Amino acid sequence: MASPVVHFEIGAKDVEKLINFYSSVFEWEISPLTDDLYIADPRSEEGIEGHLFQINREDDFSNLVLIYVQVDDIWGCLEQAEDLGGKIIIQPQEIPGNASHYALFNDPSGNSIGLLQKRLS
């Protein structure tokens, strides 16, 4: 199976600016999920939902864009990514309240990529 992009996350130190920007430029419907996490709905069958979020830590990056790719075998994909020069950042973890698991790795250029797997075998 090909691995589609199924989710995105965009973070910044000022999430309010992101909310105003993306709701205006792309007409996304943005609603709060928690105090610093928002659902970004493109309101289109052709698009995917994502999250906008507040980056709170001073030692963290000032902004971040992540895509999440759905895979059938999260461990196998991470192993292949490492074999090809990638670096695992977060080992597979369960998403609380969800049947999915996620992981993060850096590609050889340092870009962070997320993986999603519906259920671990």
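**Helices, strands and a pocket**

Visitor: Which strands do the buried residues of helix 1 pack against?

Guide: This is a predicted model, in which local features need pLDDT of at least 70 and side-chain atom pairs count only at pLDDT 80 or more, while totals for chains, interfaces and linings use all residues. Residues are numbered from 1 along each chain as its sequence is written, and side-chain values use heavy atoms, with hydrogens and water left out. Helices (H or I, at least four residues) and strands (E, at least two) are DSSP runs numbered from the N terminus; contact means heavy atoms within 4.5 Å; and buried means under 20% relative accessible area, exposed over 50%, and partly exposed in between (1.4 Å probe, protein chains only). The buried residues of helix 1 pack against strand 1, strand 2 (29-32), strand 3 (37-41) and strand 4.

Visitor: What arc do the buried residues of helix 1 cover around its axis?

Guide: The buried residues of helix 1 (residues 15-25) include Val15, Leu18, Ile19 and Tyr22. They line one face of the helix, because their directions, taken from the helix axis to the C-beta atoms, fall within an arc of 100°.

Visitor: What phi does Glu27 take?

Guide: Glu27 is found in the loop between helix 1 and strand 2, and its relative accessible area of 52% makes it exposed. Most residues other than glycine have a negative phi. Glu27, however, has a positive phi near 60°.

Visitor: With the side chain of which residue does the side chain of Glu9 make a polar contact?

Guide: Glu9 lies in strand 1 (residues 5-12) and, at a relative accessible area of 16%, is buried. Leaving aside neighbours within four places in sequence, Glu9 is in contact with residues including His51, Phe53 and Leu66. The polar contact, at 3.1 Å, joins the side chain of Glu9 to that of Tyr68.

Visitor: How much space lies in the largest pocket?

Guide: On a 1 Å grid over the protein atoms alone, a cavity is a set of points where a 1.4 Å probe fits but cannot get out, whereas a pocket is an open set with protein on both sides within 12 Å along at least five of seven lines; lining residues have an atom within 4 Å of a point. The largest pocket is lined by 28 residues, and Glu9, His51, Leu66, Tyr68 and Tyr102 lie nearest its centre. Grid points are joined across faces, edges and corners, and a volume is the space filled by probe spheres set on the points. For the largest pocket this space is about 780 Å³.

Visitor: Which strand gives the most residues to the lining of the largest pocket?

Guide: Strand 1, strand 4 (50-54), strand 5, strand 6, strand 7 and strand 8 each give two or more residues to this lining. The most, four residues, come from strand 5.

Visitor: Which residue in strand 8 stands opposite Tyr68?

Guide: Two strands pair if DSSP finds at least two bridges between them. Strand 8 (residues 112-117) has five of its six residues buried; it pairs with strand 7 (residues 101-106) in the antiparallel sense over six bridges and with strand 5 (residues 63-70) in the parallel sense over three bridges. Opposite Tyr68 stands Gly114.

Visitor: Which residues on the other side of helix 2 are exposed?

Guide: Ile74, Leu78 and Ala81 are the buried residues of helix 2 (residues 74-83). They lie on the same side of helix 2 because they cover an arc of only 60° around the axis, and they pack against strand 6 (87-94), strand 7 and strand 8. On the other side, the exposed residues are Glu79 and Asp83.

Terms used: Polar contact = N/O pair within 3.5 Å; in protein donor to acceptor, adjacent residues only side chain to side chain.
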